[in-house]
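Trainee: Before we go through this model together, could you show me how to read its features one at a time, with the general idea ahead of the particular case?

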Amino acid sequence: MKTITFVAYKRPSYTAEALRHLRECRGLEHFDLILISIDPGYNEVVSVCHEWAAGFPIEVRIRVNEEHLGVAGNPLRAYTTVVEDLGAEFNVALEDDALLSPDALEVALWFFRRHAANGRYAFLSLCDHYEYRGSGRNKGGVPEGPSLLAETSNLSSPFAWCFAAPEWPFLKRHWNANTRSIGGWDWSIRFGMRIEGRVALAPVLSRCRNIGEKDGTHDTPQTWADIQVGLNHSDGSYRGEYSIVNHVSDAEARMLYPWMIPELARVFGGRG
């Protein structure tokens, strides 16, 4: 079973736009289920989801959580449901402000067929490779194009990504685990990747645009704007094979950022 999880809460206009883009993706028919998980108290979001669900070519299940699980708990429950309860072998994880390019699911399916089971890649991000474009600024002299995926020792973005079931134990082990000196589940995954020397893939041309300028949990309008600098995204017209660039060595995969040092001391100091 191949699934898509979509987590939402209080932004109906973003939710509608994200579902519209998802419905227009090529390759959607190769998935079995879309699970939409919504925190309680947002009836307008629920109505939007039911409205859009009718037009999808595959099954859509809409679940309103019994309690507010938040920005980390809602996706965790959704992923646990599809992998552990439903037996999904592959999941595409989306947030309510992620607009996919028309070819985004084709990239995800290629990853699943060619690389998801080889043990090297923890996941594929559908957003672009931050480090490859120099944290928002194209360094120049590096290849670009819709056929290129770059290796990374980072979680480029939490907005849209995908993983195979064998990687779920790694992701669950590090999910939002480092809340004292690291903020956010995505930062915890980044930390876990460096500790375990894991590598992922991300497209050189992003297959996702984020529209979540307002009403986010972590992003402010300013941080949202900073993320957009230098971002190039696919128009979806490419149809072909993909190749991998920017090989990450074992040493690079374990290289720590300065912000990771306090957390490393805490974990290995026995205070975790």
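Trainee: Which residues lie on one side of β1 and which on the other, and are they buried or exposed?

Mentor: In a regular strand the side chains alternate between the two faces of the sheet. In this predicted model, Lys2, Ile4, Phe6 and Ala8 lie on one side of β1 and Thr3, Thr5 and Val7 on the other, and all of them are buried, where buried means under 20% relative accessible area, exposed over 50% and partly exposed in between, with a 1.4 Å probe and protein chains only. Strand β1 covers residues 2-8, and seven of its seven residues are buried; strands here are DSSP runs of E with at least two residues, helices are runs of H or I with at least four, and both are numbered from the N terminus.

Trainee: What should I know about the numbering and the limits of such a model before going further?

Mentor: Residues are numbered from 1 along each chain as its sequence is written. Because the model is predicted, local features need pLDDT of at least 70 and side-chain atom pairs count only at pLDDT 80 or more, while totals for chains, interfaces and linings use all residues, and side-chain values use heavy atoms, with hydrogens and water left out.

Trainee: Which strands pair with β1, and in what sense?

Mentor: Strands of a sheet pair through backbone hydrogen bonds, either parallel or antiparallel. Here two strands pair if DSSP finds at least two bridges between them. β1 pairs in the parallel sense with β4 (residues 90-95) over six bridges, and Val7 stands opposite Glu95 there. Six bridges also join β1 to β2 (residues 33-38), again running parallel, with Thr3 opposite Leu33 and Thr5 having Leu35 as its bridge partner.

Trainee: What is the strand order of the sheet as a whole?

Mentor: It is an open sheet of nine strands with mixed pairing, in the order β3-β2-β1-β4-β8-β6-β9-β7-β11. The edge strands, β3 (59-64) and β11 (243-245), each pair on one side only. Neighbouring strands are turned by 25° against each other on average, direction ignored, the axes being lines fitted to C-alpha atoms, for helices over the stretch in contact, with angles from 0 to 180 degrees between N-to-C directions.

Trainee: What does His174 touch?

Mentor: His174 lies in helix α5 (residues 168-174) and counts as buried at 11% relative accessibility. Not counting residues up to four places away in sequence, His174 touches Ser188, Ile189, Gly192 and Glu196.

Conventions
Contact means heavy atoms within 4.5 Å.
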